[in-house]
Amino acid sequence: METTFSELTAAALSDEESRLLEKEARYCSYGDTVHYAEKPKIFQRCRGSYLYDLHGREYLDLQMWYSAVNLGYANAAVANALREQLDTLPQLACQYLHREKIELAAMICESIQRGFGMKGRVQFNVGGSQAIEDALKLARKHTGRSRMLAFQGGYHGRTLGASAITSSFRYREAFGEFADRAEFIPYPYPFRSPYKGDAQRMEDHHIAEFERMFEHEYTGAWNPKTARSEFGALFAEAVQGTGGYVIPPKNYFRRLAAVCKAHGILFVDDEIQMGFRRTGKMWAMEHFDVQPDIIVFGKALTNGLNPLSGIWAREELISPAVFGPGSTHSTFSSNSLGTATGLAVMKILEGAGYEAGVMRKGADFLARLKTLKAGHPEIGEVDGLGLALRMEMCEADGFTPSRRLADRMFQVGLEGDLAIGGRRLGLILDIGGYYKNVITLAPSLEITPAEIDLAILALDQVIARAKASLR
Ligand SMILES: Cc1ncc(COP(=O)(O)O)c(C=O)c1O
């Protein structure tokens, strides 16, 4: 009979950990992001806001799998829905229909109709990047264009098509050209803008620059004779995720979308990281008074259980007449375990007062981060929308980006050796940002006030230790 981890002594656990890590080093590709960590960590259990390593040490998670686990690990209602589905219809070829798929598509469409006042349809897929590929297909089909606009600092995934509209050249360099690379335009970045402190001027500047692209033919974007743009769609995140939880000014997207519309460019809203109430609203773009043509979602739809993603599009883009049978397919798209968990998640998120609760917790967390900033000049900026929070780590001048400090914080948290009120614990952080110096905080939407207190104490200690180790 196999021994369980809990039956092993501390020494035997360390041996077991070393054995597994040696095996990993021998048999697992290093192509994913595991080895961003100096010492990769093995976890064996998770619950609520916590992960537990092989030794039973707890780690407070402040990034919840890049916002895929909005309702906390092992959420009971979601797990029950999954269990029930396991007992009834655990698998079914996507060629056939099942109740949960239909109900979930309807719930998403109704939510979008409430949030944006538009009618449309949903197409499911498996991961975020694949859903982005479906959005690209729709945009290409509808506009006849294969070139897209996207943002500097934007992230839309790492399949070949999705990385062509993701600004980081690092993700593309080794793999050659596959799809037309997007034209990347600057995103309004309040903390690093020349108009810092003047949101209106920053917004005006970005809009004027965008409008200039369509003034004459020599910008490479517009043919005044045919009145057609070279670009099919603009891909946008309402709050940049991997880019460092950058929050644009209030009216920016409304004005930008109007320019797109005037030039026949579709507006694609990538909600993969910010959707499902990360920012309080069901869809983050609801904060910005825009009507997107296509909405892409993934991650938190199933609270990180069975993968499920998808797109919603306006009826004229996705009606059966234009996006007929076989236009897209993946064996596992609309898998029944995913749709059942998705339904459970949507029901929780649509509960009365959920949005207000997230906004209240977000405001509380942000106020506490501001206090933390007062004690550490290296925190250049803290900001947030709902529970999408950013903490930009800098040198002591409070502005020069400090990647090494953010890196140290990430490693110190992962060591699992913080001491707070007689408790030993670790902290799970994630780093984003153009300079890889932003701690992007995406705690569980179910986080408690006591956990927010703990998070602030733990962050304080992580920063102090990281600074000390760099001296
Ligand atoms: C905004 C955004 N779009 C797309 C993706 C890609 O999704 P996936 O990793 O599921 O392919 C991500 C993933 O982090 C994301 O944050």
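Analyst: Rings of Phe, Tyr and Trp (its six-membered ring) count as a pair if their centres lie within 6.5 Å; planes under 30 degrees apart are stacked, over 60 edge-to-face, and the rest tilted. Searching the whole structure on that basis turns up 17 aromatic pairs. The model is predicted, so local features need pLDDT of at least 70 and side-chain atom pairs pLDDT 80 or more, while totals for chains, interfaces and linings use all residues. Numbering starts from 1 along each chain as its sequence is written, and side-chain values use heavy atoms, leaving out hydrogens and water.

One of those pairs is Phe43 with Tyr59, an edge-to-face pair with 5.1 Å centre to centre and 90° between the planes. Phe43 sits in strand S1 (residues 43-47) and Tyr59 in strand S3 (residues 58-61), so this pair ties together parts 16 residues apart in sequence. Strands (E, at least two residues) and helices (H or I, at least four) are DSSP runs, numbered from the N terminus.

Now for the pocket. The second largest pocket holds about 670 Å³ of space. A pocket here is an open set of points on a 1 Å grid over the protein atoms alone, where a 1.4 Å probe fits, with protein on both sides within 12 Å along at least five of seven lines; lining residues have an atom within 4 Å of a point. Points join across faces, edges and corners, and the volume is the space filled by probe spheres set on them.

In this pocket, 24 residues form the lining, and Lys101, Val122, Gln123, Phe124 and Phe323 lie nearest the centre. Helix H4 (99-116) and strand S4 (120-125) are the elements that give two or more residues to that lining. S4 gives the most, with five residues. By type, the lining residues of the second largest pocket split into 11 nonpolar, 11 polar and two charged; Ala, Val, Leu, Ile, Met, Phe, Trp, Tyr, Cys and Pro count as nonpolar, Asp, Glu, Lys and Arg as charged, and the others, including Gly, as polar.
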